[in-house]
Amino acid sequence: MVSLRIEGLRKSFPGVVALEDVSLEVKESDYVVILGPTGAGKTTLLRTIAGLTKQDSGNIYFDGHPVDRLASFDRGVAYLPQNYSLFGHMTVWDNVAFGPTVQDWEMRRRDQIVREMLNLVHLSDRRDAFPRELSGGMQQRVALARALATRARILLLDEPLRALDARLRMELRQELRTLAKDLGITTLHVTHDQEEAISIADQIIVLRRGKVVQVGSPQEVYDTHQDPFVANFVGEANFFEGVLEHSGPRNSVVTLPIRKQVVGRPTDMAQGANVVLGVKTDRCDVKPGHFEAENCFPGVVLRSLFLGKRVTVEVETKVGFLKAKVPSDRAQFASEGVEVTLRFPPDHAIVYPVPVGGLQAALEVE
Amino acid sequence: MPKIRTEGVSKRFGRIVALENVDLEVREGEYVAILGPSGCGKTTLIKIIAGIWRPTEGRVLVDGRDTTRTPIEERDLGYVFQNIMLFPHMSVKDNARYGPWVRGFRPEEVEKASREALELVGLLQRQGFLPAELSGGAQQKASLARALANRANLLLLDEPLSALDARVRVELRYTLRRLVKDLGLTAVHVTHDQEEAMSVADRVVVMRKGRIVEVGEPRRLYERPRQLFTANFVGQNNFLEGRVTGVRDGVAAVELRGGLSLILNSDSLKPGEPVVLAIRPEHFALEPGPGTNILTGQVEETRFMGSFTRHRLTLENGEEILVDLPPEESRLKQGEQAKVFFNREKMLVYSRPPEGLREALKLE
Amino acid sequence: MVSENRQVRGAERRKALLAFLSKERTIDAWYLFVLVFFVFLVLIPTVFVLSFLYTGWGDLQTFVFAKADVLAQIGSAVGLSFGVALVVTTIDLVFGLPLAWFIVRRDFRGKNLLNTLIDSPLAVPTAGLGFSVALFWALSPAVNPPPLSLNIANTPFVLLTFLHFTTTFPYMVRSLSAILEQLDIEYEIAARTCGAVPVTAARTVTLPLFRAGIATGAILCLAKALSDTGGAQAVLQTARLFAIQSQNCNFTGTPSGTVLIAAWRTIGRACAAEAGQLNAGLALTAIIMIVLSISLLYVVNLVATRFRFPLRRVWPGVERRLSYGAPPVGRDAFAFAFLALIVLIPSFFLTGYLITGSTSLGTADWGTFAGSVGFSFLIAGLATIIDLTFGVPLALYITRGPHRRLGAFLDSLVNVPYIVPSAALGFSLFLFWKPLVDAGALPVLAVIVLAHVGFTIPFVVRNAVGALEQMDPSLDETGRTLGAKPLQTFRRITFPVIKPAILAGSIMAFTRSLGETGATIAVSPQAITAPVFIVNLLNIKTGNFYLAALTIAVLTIASAIAMLGMRYFTRGVK
């Protein structure tokens, strides 16, 4: 299995820059998720790695060897497009056997791998079925088996779960990861769903408008967001705009326009700079009644949205609408119209410079 | 009088039974979500309510009147499609004013209705755009404006958010709930996403294979689902099969495979009864508390999930459970033996399904 | 040991061949070859006659521009052709639209039967349609018509209009249905949920989205009506409104543009002295028809894409009344009446003649009969094979080639030999290849086949392009990532998917070639294919109408079998 390195990849289409100076590294056998909104360039990135689209500039290396001159069929990547692209006129068996067949494998070896793959995805009993007779989840598994039967070095999954029901996705995403890990295959999995990314990735690469915004483990991307976009895209965040009062070794203090101060993690920005303080909604808490303390915002519950494990409470405060995602059994009291105070610990509040173009533009998802 | 009532509605396509004997009531001003996996009949049901399809059997009453045979255009409703279906050759503004315009309203009325609708969804600035020039979320908002401009009291939404990115869906959920409640509309919203259903609806109708499985408020469905399928489909659950060994003073003892034993509150179980127990992953704790049961297992995997950490444990009897703990409290490491505690009040019990547990929980 | 070595070497050679064929350079060379074939053997010869304006300017001056009567003949013939074509297309649209709507939007048993009925006139060679229509509508046809005929038309314009309803209506209904099928019905439903009655929804939402279908249908009908020679000649001769008198080196009556070309070519064979005069006249007629038809193609496209449907006003009351009850039923009834009375019955009226007509075959020339039928099949077969060999790669280049703009341009060029009237195309090819043919280096058969390729290759290319565009491009790409080289991708993935469409296209090409008259005569009046045989027989002085009817029947049955076969192979394929 193989490591992947990309340097300075650039690709434009008429009127739009799809990839801008994208560089990344994927270790052997890692399961990496490329996370970003639609239009971020994720599919273009995968297609370039697969050799289906030619980049304008930049290099791609598999295990240190450049592959830019190699055609698709010589690169040894298994590419799974969004709609699976199963060959409708062939049975499940023939679909999975396609790669080894066109690569002229010896018949016995080919049959063995097809059997192995069908076993792996639990579809041995449907080998003679046609794709149209199978459910969505089964079709995806056939596509996976087909891609893996070529003993490819790298697996590229383009939003593999998009076409499936929400509940089904939760089950199948684990299966994907387990399969990839069992085979030890280096995997790049593209998605717009941050919950999906966090639950199965070794590393997450956040992509937005053709640029890499942050790279890190799920925990790093979630807790140590380097950018308001990441803070709000992976999960949800509250933001406060103000002026950096001072920053010390233990915390930093930001003064808001309403003369209130909030406390967050230390930062190395200059005193007096215009900053944004962001804190994840699930690090925020609501308590009944009004009171003042560090990082406390009294207000009135506008509405609460029940999510099962948690409840999102929308509170109207003096600084605008704030949200808190709290465990449902602790938020029973927070119904419409009730007076509450929203607060958050300074440890989880991160300070950034005000983004170029303004905060609203930086948070835009589409 | 309920706003909508379906009586014994069935729909067959050749030999395929899409809906079977569905009785549903939606009250005026209610936001109802119809939730279920693909193929459960939810889209068929909403199309029948809208009049796009006719039921094979049964009837539909809106505001007390039988509308089963009323053509679509004579009904008073707004409809939002899964595939958006904005008229591609018309601007956002022309799409929004379409309803009032074809009904022959006066020009000032047409203008007013479309402007108000576009303002509600925040698209007034972009009303000159063509649909193709907008993002997915904006397109769906435009489609919502078109539905609202009809000034109807009833809003029907057929998987309105399914085609959108996950993050965009979260934003639009707020918008939908806010608009429906502010305008005092009655809404029926079809979806396969249980989190979406619970966050927007006053009441959720769970469907499977053409039938209604259970109806209830989101919180009740989550905390006390009455059906096994609901317990699995709404949120995630751990299921353990066992047999009742004894019942005394409202407390029952259940023996699981491999001799593990749990207790729960019940006054209706009988000894020897085969049951399935359900405990949600977030109900476990590392400290004992009131009414606790204990389970011991080996931690196979620990996974950071953002708001919580998920642990996969293999119990002594070989079965697997998921344990979710808040990030600050999860000290468990992979490979170690762990004791987890949970309150027996949070545990749910169901009769063992005759077709087997796997079949009863199947999502496809 | 030895055989193993040979096997290994064989496999290695196969691999090497595959690698060679998959190289970018090889594929590029192949595409270049196909391109050169199309441009130099089909496209350029088609418009070659335009060069006559330069090379034959002297002749044109002397023989045509100086003679008012010749100019008048050309003018009225061309005017007749275009006038009829425009009227027919417009009326086809009026009746075709409700019929197409009915077929696509309603679910009823017998849909297949209805579709087959609508397509059935396509099985009859146009000469046969001409004869049949004349029997039904002409005021005083050359033979006694079977009972139940209407016999009320006696001007060329009216007769040709009635003829072309039968030749073009199936194309209109097919094009409209194809596009309507692809249009998502949910747009109309969305309109109705907003309160629009069906008529308003159709007018304001579906119709504007439907332009492509209307444009395609209009172009196909115009092309067919302009191009037809055999049908026009048959109907005019049978109605006694036209006759070629080779002995006088002239004709009587008013021909359409393509019939004029055929007539002058036929006369030219007998009257060598008039060759210069006739060729000049032929050239000018061909030039005018080519230029006008190509212009028409672009005008129709322009109008279809720019036309602004009236979307300013609604009339809720009126449109509501039109949507329910009697009006829609009446509209559909009229459409069906048109189909039955104006298209189907006149098309097949000659069966009545076959049954009741005088069976005296007289001195039937069975030898020429058999020979002509065989000759037609030979030409059609050769043309179809060439169509497939070059048309499919051309389609691949248009849809999957490296230069998309060039591909799109080629796509529009493929329409040219189709819209150019086939008689003009034939004459142009005749002039182009004349030097080689006169020198004996190229057989006339080859030129005839090339002419037939010209107007039939668009069927194969159109269908293949359509299927390729509908096909998910990621299927090919997935094949590539799995290790399939381009040739393997084509053989195992692309071809099986587009096979039904290619089959349909080649059958359409085959039957089209079988029924062609004008191009064959224009290239060589001596070449007696079955339709030429028929048209020659439909001659009141020297002809044999019954034998003509029999020949028509034979061709119709052959085409019908081919078309039913096509239905069978493409069933269940969306």
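Q: Hi! Where is the place of Leu17(C)?
A: Leu17(C) sits in helix α1 of chain C, helices being DSSP runs of H or I with at least four residues, numbered from the N terminus. This is a predicted model, where local features need pLDDT of at least 70, side-chain atom pairs count only at pLDDT 80 or more, and totals for chains, interfaces and linings use all residues. Residues are numbered from 1 along each chain as its sequence is written, chains are lettered from A in the order in which they are written, and side-chain values use heavy atoms, with hydrogens and water left out.

Q: Thanks! Which residues make the nonpolar surface patch?
A: Leu17(C), Phe20(C), Leu21(C) and Leu487(C) make the patch, which covers about 360 Å². Patch residues have over 30% relative accessible area and no salt bridge, with nonpolar side chains (Val, Leu, Ile, Met, Phe, Trp, Tyr) joined within 5 Å; accessible areas come from the Shrake-Rupley method with a 1.4 Å probe, and only the protein chains shown count as cover.

Q: And which helix gives the largest share of it?
A: Helix α1 of chain C, residues 2-22, with three residues.

Q: New topic: how many residues does the contact take from chain A and chain C?
A: There are 25 from chain A and 19 from chain C, contact meaning heavy atoms within 4.5 Å.

Q: How many salt bridges are there between chain A and chain C?
A: One, counting a side-chain nitrogen of Lys or Arg within 4 Å of a carboxyl oxygen of Asp or Glu. Glu477(C) pairs with Arg47(A), and their closest N and O atoms are 2.7 Å apart.

Q: Which element gives the most to the side of chain A that touches chain C?
A: That's α3(A), with four residues.

Notes. Patch = residues over 30% accessible without salt bridge, like charges linked within 9 Å, V, L, I, M, F, W, Y side chains within 5 Å. Helix = DSSP H or I, 4+ residues; strand = E, 2+ residues; numbered from the N terminus.
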